[in-house]
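Colleague: I would like to go through this structure feature by feature. Please give the general idea each time, and then the case at hand.

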Amino acid sequence: MDRIELEAFVAVAEELHFGRAATRLHRGQPTVSDAVRRLERTVGGRLFHRTSRQVALTDLGAALLPDAHAALAQLRRFQQRGRSLAAGDQARTTLVVGHAEYTDHELLLRCLPQLRDRCPDVTIVPEAMSTTAQLTALRAATIGLGIGWATGGDVIGVRARVLSTERFMALVPADHPLAGRTELNASELSSTGLLTWPHQINSGLCDRLLSAFHISGADLQIIRTADSVHSIAAHVAAGTGIGITIESALDHQPPGLRIIPLTGPSTTADQIVLTPVQPSDTTAALLDLLLDASAQSRR
């Protein structure tokens, strides 16, 4: 098993498309396909269900994805620490900070320079990974802090604090019949083609959204997923469907689109910060900065 195999597995799992995964990794599609096959031989089972039109994770693939994220984070940490030591930086330590897609990156960007000032001897390595992968990585001590979404699942061995409660938002073309609304109920989007995040990237958000539709007696019909809010907005502008995202992920008003909050039960999600039960001094310092910055932004 090597890094290329793990990177190929993660990319295909998040893109659910071998071609897009290859583009993302700047590798040929045959190389990515071969890497996944080698990894499947190593673990002893299929990681993906493949057809001519669709790629989906198997139960084995879904179970191993958080471990693959954690293993890649550990490899990057090893590389960073090796470079620091080779450069004679014996005193430097490394803090890997996991952050899930659609979390408030502005909040993290405000706090990291302050952490550098407080802890100048620490190398900070931001690492994009799902909330589930963060939990695995924290228990394995391969990251020091994570920012993600409440999943309602097991957080034993990890401490979770709520940073903010965010509303689900609909992205609607300006000429759509619903564009004039100030709020939308999930029932009003029943059977509407929706574009949102992949479940394997943000299972907590997907489960929360599913709950909102279930409570309203509505049918949740996701026709396409995308790994960034900008990609969702582009598909909405192209007329593919209505986008669903989270408030903190919207750093600007997409031109030609209306942003309409969803209302009703389960139409909010908690953004959380995850740390070990006994965090390091550096982790504790970043935690304090994040909680303070979040409290100030809500005033």
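Modeller: Two strands count as paired if DSSP finds at least two bridges between them. Keep in mind that this is a predicted model. With that rule, R159 stands opposite T275 in strand β12.

Colleague: In what sense do β6 and β12 pair, and over how many bridges?

Modeller: Strand β6 (residues 158–173) and strand β12 (residues 268–276) are antiparallel, with nine bridges between them.

Colleague: How many bridges join β6 to β10, and how many join β6 to β11?

Modeller: In a regular strand, side chains alternate between the two faces of the sheet. As for the counts, β6 runs antiparallel to strand β10 (residues 242–246) and is joined to β10 by four bridges. F168 has I246 as its bridge partner in β10. With strand β11 (residues 257–263) there are five bridges, again antiparallel. L171 is paired there with I259.

Colleague: Turning to helices, what span should α1 have, and what is the distance between its ends?

Modeller: An α-helix has 3.6 residues a turn, so residues three or four places apart point the same way. Helix α1 covers residues 3–15; at 1.5 Å a residue its 13 residues should span 18 Å, and the end C-alpha atoms are 18 Å apart, so the two values agree.

Colleague: What is found at the start of α1, and what just after α1?

Modeller: At the start, a side-chain oxygen of D2 comes to within 3.2 Å of the backbone nitrogen of I4. Just after the helix, L16 has a positive phi of about 50 degrees.

Colleague: How many residues of α1 are buried?

Modeller: Buried means under 20% relative accessible area. By that cut-off, 11 of the 13 residues of α1 are buried, so the helix is mostly covered. Among them are L6, F9, V10 and V12, and also the acidic residues E5, E7, E14 and E15.

Colleague: How many aromatic pairs does the structure have?

Modeller: A search of the whole structure gives three. One of them is F9 with F48, edge-to-face, at 5.8 Å centre to centre and 65 degrees between the planes. This pair links distant parts of the chain, since F9 is in α1 and F48 in strand β1 (residues 48–50), 39 residues apart. F9 counts as buried because its relative accessibility is 2%, and F48 is buried at 0%. F18 and F48 form another edge-to-face pair, at 6.1 Å between centres and 70 degrees between planes. Here too distant parts of the chain are linked: F18 belongs to helix α2 (residues 18–25) and F48 to β1, 30 residues apart. F18 is buried, as is F48. F9, F18 and F48 form one aromatic cluster.

Colleague: Is E127 buried or exposed?

Modeller: E127 lies in strand β4 (residues 122–128). Its relative accessibility is 8%, so E127 counts as buried. Leaving aside residues up to four places away in sequence, E127 touches A73, R76, V96, V97, G98 and H99.

Colleague: How many disulfides does the structure hold?

Modeller: A disulfide is a covalent bond between the sulfur atoms of two cysteines. This structure holds zero disulfides. For C111, the closest cysteine sulfur is that of C119, 13 Å away, which is too far for a bond. C111 counts as buried because its relative accessibility is 0%. C119 is also buried, with a relative accessible area of 16%.

Note on methods: Residues are numbered from 1 along each chain as its sequence is written. This is a predicted model: local features need pLDDT of at least 70, side-chain atom pairs count only at pLDDT 80 or more; totals for chains, interfaces and linings use all residues. Side-chain values use heavy atoms; hydrogens and water are left out. Helices (H or I, at least four residues) and strands (E, at least two) are DSSP runs, numbered from the N terminus. The expected span of a helix is 1.5 Å times one less than its number of residues. Buried means under 20% relative accessible area, exposed over 50%, partly exposed in between (1.4 Å probe, protein chains only). A polar contact is a pair of N or O atoms within 3.5 Å; within protein, one must be able to donate a hydrogen and the other to accept it, and residues adjacent in sequence count only if both atoms are side-chain atoms. Rings of Phe, Tyr and Trp (its six-membered ring) pair if their centres lie within 6.5 Å; planes under 30 degrees apart count as stacked, over 60 as edge-to-face and the rest as tilted. Contact means heavy atoms within 4.5 Å. A disulfide is a pair of cysteine sulfur atoms within 2.5 Å.
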